[in-house]
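I set down here what I looked up in this structure, entry by entry.

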There are 2 protein chains.
Amino acid sequence: MNSGRRQDDGERYRTILETAARLICERGYEGTSMQEIAAACRMTKAGLYHHVQNKEQLLFDIMSYGMDAFEQQVLDQVRHLEDPVARLRECMRLNIHLVTGGCSKEVIIILHEHATLTGEARAFIDSRKKAYVRFLEDSFSEAVRLGRIRTVQPTVAAFSFLGMVLWIYKWFQPDGRLTAEQVSNEMVELLFAGLVSPAVAAVPGAGAPQLSIVPPVAVGEKS
Amino acid sequence: MNSGRRQDDGERYRTILETAARLICERGYEGTSMQEIAAACRMTKAGLYHHVQNKEQLLFDIMSYGMDAFEQQVLDQVRHLEDPVARLRECMRLNIHLVTGGCSKEVIIILHEHATLTGEARAFIDSRKKAYVRFLEDSFSEAVRLGRIRTVQPTVAAFSFLGMVLWIYKWFQPDGRLTAEQVSNEMVELLFAGLVSPAVAAVPGAGAPQLSIVPPVAVGEKS
């Protein structure tokens, strides 16, 4: 939202973003017209254009709102955690709760409409996504370096983490047989229980020797 | 392709599917017109409609072709493997090679346009996808039952497997620093090395006792 906007306009704009996100989520960006968004907001099309420059600006603002929520609810909560394995585990748990919870619309749009934005807007959202990938790669690299987990290729580990977590929007049903809590507990164990040495896991933060189940290989990082 | 079609028509239709898949992959289904598909095939729009009933039929045929390729190149290659862990590992390896290789267009369309089809066509594609999920769930359940891996919730394990593998289309670059082979080797170890007891892994097929890192819990299955 523009910083110069009045409080009421800000709240109104927030409601427009929520409504537009719901429609775009259901019908896709191409399948949703500004006319339909205006109607769903109980506004005229002219009234909608008072608040938003054009449809691409609306999409960018929805994605930015989603990235803000992600950074506040996930990244900012775990950055300070000193132990990289505790940091990664908590990060996965919080990200799963973001995807299964109230922000799923914005998350779906960020993922599904990734190629829709153009130019600077696209570059800006992409750079925020890449910062998350880099954060995960760095945390996996640090965990290997400290001997907290066995050797893994950090880029593959980071994208495996992301694939597990972000795929959830495709299959998870809030009213299904599995709760978000169950999915989160199971998935965190699935990825990390086998990576961490039981001995090391029992003494968090201790620089224990590496497991030798998989022989160490050269760790490459994507530029 | 229609079974009554002549050989030449069949080859022609295959070329149309390939071309349409490339365009839809680049621009999305909504963003691609039959006029553009015809032009890319060097045909008139009327000529294109000689081969295909409508755009939705074309999308369905592209997805069916992708599912055929998946079943032939992945599922049919591993179904017969008796050991569930060997079956799952080989299945992941082959599926990764499908996603990183020549069939990535069709895979992307199946994933990205999952909500575009309607009615019976959608139900048919969905049922083929669900059969794969069930195959993975059953294999994980069997691996737990035989004591080949520690206890996992089979639905979460199946969708974690799928998320890791299918997310690859979002980030893998064929000309990047990581080869498809590296991604495949790393990812298979990431998921399975920690699940399988080293003792059990050394004697494939042996019904060794379960690991006790994670206490056994009731295994639920999605209906």
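The entries below follow in that order, after a note on conventions.

**Conventions.** I worked from a predicted model, in which local features need pLDDT of at least 70, side-chain atom pairs count only at pLDDT 80 or more, and totals for chains, interfaces and linings use all residues. Residues are numbered from 1 along each chain as its sequence is written, chains are lettered from A and ligands numbered from 1 in the order in which they are written, and side-chain values use heavy atoms, with hydrogens and water left out.

**Cavities.** I searched the whole structure and found two cavities of 30 Å³ or more. A cavity is a set of points, on a 1 Å grid over the protein atoms alone, where a 1.4 Å probe fits but cannot get out; lining residues have an atom within 4 Å of a point. A volume is the space filled by probe spheres set on the points, which are joined across faces, edges and corners.

The largest cavity holds about 40 Å³. Both chains contribute to its lining: Leu111(A), His112(A), Tyr169(A) and Lys170(A) are among the residues from chain A, and Leu111(B), His112(B), Trp167(B), Tyr169(B) and Lys170(B) among those from chain B. I counted five nonpolar, two polar and two charged residues there. In this scheme Ala, Val, Leu, Ile, Met, Phe, Trp, Tyr, Cys and Pro are nonpolar, Asp, Glu, Lys and Arg charged, and the others, Gly among them, polar.

The second largest cavity has about 30 Å³. Its lining has four nonpolar, one polar and four charged residues, including Met63(A), Glu113(A) and Arg122(A). Helix α7 (residues 119-145) of chain A gives the most, with four residues; helices are DSSP runs (H or I, at least four residues) numbered from the N terminus.

**Helix α5 of chain B.** I noted 17 residues (84-100) and a reach of 24 Å from first C-alpha to last, close to the 24 Å expected at 1.5 Å a residue; the expected span is 1.5 Å times one less than the number of residues. Twelve of the 17 residues are buried, so α5(B) is largely enclosed by the rest of the structure. Buried means under 20% relative accessible area, exposed over 50% (1.4 Å probe, protein chains only).

I found phi of Arg42(A) near 55°, a positive value in a residue other than glycine. Arg42(A) sits in the loop between α2 (34-40) and α3 (45-51) of chain A and is exposed at 79% relative accessibility. For Arg42(B), phi is likewise near 55°, and the residue is exposed at 78%.

Note on methods
On a 1 Å grid over the protein atoms alone, a cavity is a set of points where a 1.4 Å probe fits but cannot get out, and a pocket is an open set with protein on both sides within 12 Å along at least five of seven lines; lining residues have an atom within 4 Å of a point. Helices (H or I, at least four residues) and strands (E, at least two) are DSSP runs, numbered from the N terminus.
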